[in-house]
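Here are a few notes to read alongside the structure. Have it open on your screen and click through the residues as we go.

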Amino acid sequence: MKDNNCIFCKIANGEIPSRTLYEDDRYRVILDLGPATKGHALVLPKEHFADVYEIPADWAAGAMKIGQQMAIRMKERLHCDGANLVQNNGETAGQTVPHFHLHVIPRYKSDGQRILWKPGKPSDAELDAIVKAME
């Protein structure tokens, strides 16, 4: 189901023009208009799912499969040195549009981008508590 108020629903379904790299009956891949690097693309489902908590597993798997295909094509055609596949959920995690989407970011040795975090130092007890909570 589409959300008529969602900009990504409108783009994914062709109601708003985009620079489309790939399209099938379930997904559209577009160039990001605020790219991290040359070729940064978004995999958009044509149905509306706010985030990873709402999207059915088969749709999430389909987005990842397309993301992999796009990363391979970017390596072959844009000659990138690597790729990040990034999927944010919730404002705290950096999600700015509440429509599930997968970033495919080609990486180049001198692109200056950093997608990193400061590693924590949990104790064995903290790690064990997380394992227990996830059982």
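1. Start with who touches His 101. Skipping its neighbours within four places in sequence, His 101 is in contact with Phe 8, Leu 42, Val 43, Leu 44, Val 86, Gln 87 and Gln 95. Keep in mind that this is a predicted model.

2. Where does His 101 sit? You'll find His 101 in the loop between strand 4 (82-86) and strand 5 (102-107). Is His 101 buried or exposed? Its relative accessible area is 6%, and buried means under 20%, so His 101 counts as buried.

3. Have a look at the side chain of His 101 too: one of its polar atoms lies 2.6 Å from the backbone oxygen of His 99.

4. Next, the largest pocket, which holds about 170 Å³ of space. It is lined by 14 residues, and those closest to its centre are Phe 8, Ile 11, Ile 30, Leu 31 and Leu 33.

5. Helix 1 has the largest share, with three residues. Sorted by class, the lining has 10 nonpolar, two polar and two charged residues.

6. Last stop: Lys 75, in helix 2 (residues 57-77). Leaving out neighbours within four places in sequence, Lys 75 is in contact with Cys 80 and Asp 81. From Lys 75 to Ser 123 is 48 residues in sequence and 39 Å in space, C-alpha to C-alpha.

Note on methods. Residues are numbered from 1 along each chain as its sequence is written. This is a predicted model: local features need pLDDT of at least 70, side-chain atom pairs count only at pLDDT 80 or more; totals for chains, interfaces and linings use all residues. Side-chain values use heavy atoms; hydrogens and water are left out. Helices (H or I, at least four residues) and strands (E, at least two) are DSSP runs, numbered from the N terminus. Buried means under 20% relative accessible area, exposed over 50%, partly exposed in between (1.4 Å probe, protein chains only). A polar contact is a pair of N or O atoms within 3.5 Å; within protein, one must be able to donate a hydrogen and the other to accept it, and residues adjacent in sequence count only if both atoms are side-chain atoms. Contact means heavy atoms within 4.5 Å. On a 1 Å grid over the protein atoms alone, a cavity is a set of points where a 1.4 Å probe fits but cannot get out, and a pocket is an open set with protein on both sides within 12 Å along at least five of seven lines; lining residues have an atom within 4 Å of a point. Grid points are joined across faces, edges and corners, and a volume is the space filled by probe spheres set on the points. Ala, Val, Leu, Ile, Met, Phe, Trp, Tyr, Cys and Pro count as nonpolar, Asp, Glu, Lys and Arg as charged, and the others, Gly among them, as polar.
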